Structures are given as C-alpha cells and as structure tokens.
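I opened this model to look up its strands, their pairing and a few loop residues. My entries are below.

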Amino acid sequence: MNQLQDIRNYLVVQNGTIISHKGNDEIKIIDNKIIVDNAGSLQIIYLIDQIGNYKIDLSIKGSLELVETYDFKVDAKFIKNIEILENSNILRYVDNQSNIEVKTNIVENVQIKRDSSVKCAYVELSNNSIDTNINYALIEENANATVRLAALARGEEKKHLTLSLVHEAPFTTGIMDNYGVVKNQANLIIDGIGTIKKGNHQSNSHQTNKIIVFDKGCNAKANPYLYIDEYDVKASHGASVGKIDEEHLYYLQSRGLSKEDAMHLVTYGYFIPVLEFIDNDELKELFNETLREKVGI
C-alpha cells in the first residue's frame with residue numbers, strides 16, 4: 001500500500017527491520033523501536049518476504065491516527081508490542097492485505113496506561129491461513145479499549161483469532177465486537193476473552209461475537225469467555241453462529257436481486273460497523289473496494 005493522503009508519517013518495516021522512514025520529529029527510531037510523540041497520524045507497512053520470526057516495538061504518546069498493514073509473502077511469525085502512555089487518545093486501523101496463500105502467526109500485545117483510550121478496527125480479509133493473538137492489558141486506572149474485528153474465511157483457509165481484554169486496574173473499560181463470515185470449506189474460530197482481576201472494581205468488560213456461515217462445508221465457532229474475580233463490576237458476553245436470515249434474503253430478492261447477490265450484500269453490510277473506526281476518506285474507499293472484491297459484489 002502506498003502512503004495515504006492526509007497521513008503525515010510513513011514507515012515500511014521489512015522482516016522486522018525499518019527500511020523506510022518518511023516523517024517528522026515526532027517519530028523516532030531507537031534500536032528498531034518506534035517512538036511516537038503527538039505525531040497526529042502514522043502509517044506503517046509490515047512486509048514479510050523471508051521465512052522467520054520477527055518483532056517490532058512501539059511506544060505511543062498523545063493523539064494519533066495509526067494505520068497498519070500486513071503483507072505476508074511467506075510463512076512467518078510476527079510479534080508486535082505496543083505501549084500506550086498516559087493521557088493518550090489512539091485511533092487504529094489494522095489490516096491484513098496478504099494475497100498469497102501462506103500460514104502466518106501474529107501476536108500483538110498492547111498495554112494501556114492511565115487516562116488513555118484506544119479504538120481499533122481489525123480487518124482480516126487476507127488469503128492466509130492465520131493464527132492471531134491480540135492481547136490488550138488495561139494496566140492503570142481509566143484505561144479504555146474498544147476493539148472491533150471483521151474476519152472473512154473462504155476456500156480452504158483456516159483462521160483462528162483470539163482477542164483478549166485484561167483489566168489489571170480499577171475503573172477500566174474493555175469492549176469488543178467480533179464479526180465473522182465463513183464460505184466454502186473454510187474454518188474460522190473467534191475466541192473473545194474478558195478478564196477482570198481481583199481488586200479492579202468499577203471496571204466494565206463487554207463483548208459480542210457473531211459469525212455467518214454460507215455453506216454446509218464451513219466450520220465456524222464463536223467462543224466468548226469471561227473471567228471475573230471482583231464483585232463491583234459490569235460484564236457481559238454473547239455469541240451466535242448461523243446462516244443469513246432468510247427474511248432478509250427474501251426482502252432483497254423481492255427487490256430484484258438474485259439470492260447470491262442478496263447474500264453478498266448482507267455480508268457487506270455485516271462488516272460496515274468497522275467503518276466507524278476509520279477517519280480517513282481514502283482508507284474508507286480502500287476498505288470498501290477490498291470488501292466488495294472479497295465478498296463478491
């Protein structure tokens with residue numbers, strides 16, 4: 001992906017090493033660690049074209065619109081550690097645009113400190129078979145995380161995505177909404193985990209997990225977990241796996257669409273909530289184009 005318009009800073013990380021840096025003084029690179037201080041906006045491309053295990057660290061302070069894109073060319077493992085410092089406000093969009101059928105393992109660890117907020121959209125529309133673990137730790141008071149996942153598995157892809165929100169301090173909030181679509185002979189598992197540790201009163205942990213299956217050969221599982229070790233909290237979870245609502249299909253077909261086109265349109269609408277986490281018009285259009293191509297509209 002080329003640098004998006006209205007994004008001030010641009011980095012390319014190839015096989016765990018920063019090879020291109022277009023930016024201002026708000027972005028510093030120290031021992032392959034990315035340090036961001038009130039940069040406004042930043043786009044990072046993670047290119048992996050050699051088999052191996054790779055790692056990158058980010059430290060972020062202040063307000064930031066962060067756009068991250070994976071492009072895997074080979075089987076590989078990628079670990080990313082992110083530290084969100086005090087009084088920060090982060091809007092993230094993380095997209096896997098890999099178009100080659102490879103097996104990948106992504107681990108993302110995010111620590112959020114006092115009085116900071118992160119909103120993140122994860123978009124998994126790649127051709128990969130993938131195992132992803134995303135872990136948010138709310139480590140100080142008034143740390144907040146809201147994450148939203150859109151995942152598509154088709155063909156013979158096998159995708160397992162785990163999202164975890166851990167409350168390690170009182171007065172913290174963690175919310176996740178996970179959406180999945182499975183077609184053909186693909187496998188998709190989404191595990192949503194909310195954990196409130198003892199002593200972390202007045203915390204909120206909420207999650208929803210929804211998967212639509214297209215074909216009989218699909219395998220789909222939505223697994224919600226809540227681990228609560230404190231009384232004075234609010235927590236909820238929900239999960240559903242099923243076919244597209246027949247009434248919705250009937251309504252669309254009554255308006256002249258074929259059944260296949262109606263199914264594709266419903267799927268497209270299913271992922272639209274992710275757009276609420278995109279603040280860049282060019283990125284919104286790119287998301288729409290990719291979704292139309294992958295869904296088949």
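**Ground rules.** I am reading a predicted model, where local features need pLDDT of at least 70, side-chain atom pairs count only at pLDDT 80 or more, and totals for chains, interfaces and linings use all residues. Residues are numbered from 1 along each chain as its sequence is written, and side-chain values use heavy atoms, with hydrogens and water left out.

**Entry 1, the open sheet.** I took strands (E, at least two residues) and helices (H or I, at least four) as DSSP runs, numbered from the N terminus. Strands count as paired if DSSP finds at least two bridges between them. I traced an open sheet of ten strands with mixed pairing. Its order is β2-β1-β5-β7-β9-β11-β13-β15-β17-β19. At the edges I found β2 (17–22) and β19 (234–242). Each has a single partner strand, so one side of each is left without a neighbour in the sheet. Ignoring direction, neighbouring strands here are turned by 10° against each other on average. Axes are lines fitted to C-alpha atoms, for helices over the stretch in contact, and angles run from 0 to 180 degrees between N-to-C directions.

I checked β9 (89–96) against β11 (117–124): they pair in the parallel sense over eight bridges. V94 has Y122 of β11 as its bridge partner. Next I looked at helix α2 (259–271), which packs on the sheet. It touches β13 (144–153), β15 (173–182) and β17 (204–213); contact means heavy atoms within 4.5 Å. The direction of α2 makes about 165° with that of β15.

I counted nine bridges between β8 (76–84) and β10 (103–112), which pair in the parallel sense. N81 stands opposite N109 in β10. β10 also runs parallel to β12 (129–138), joined by ten bridges. There I112 faces L138 as its opposite residue.

Is β16 enclosed or open? Eight of its ten residues (187–196) are buried, so β16 is largely enclosed by the rest of the structure. Buried means under 20% relative accessible area, exposed over 50%, partly exposed in between (1.4 Å probe, protein chains only). β14 (158–167) runs parallel to β16 over ten bridges, with H160 opposite I189. Ten bridges also join β16 to β18 (219–228), again parallel. G194 stands opposite L226 in β18.

I noted N184, not a glycine, with a positive phi of about 60°. N184 lies in the loop between β15 and β16 and is partly exposed at 34% relative accessible area. Q202, also a residue other than glycine, has phi near 60°. Q202 sits in the loop between β16 and β17 and is partly exposed at 39%.
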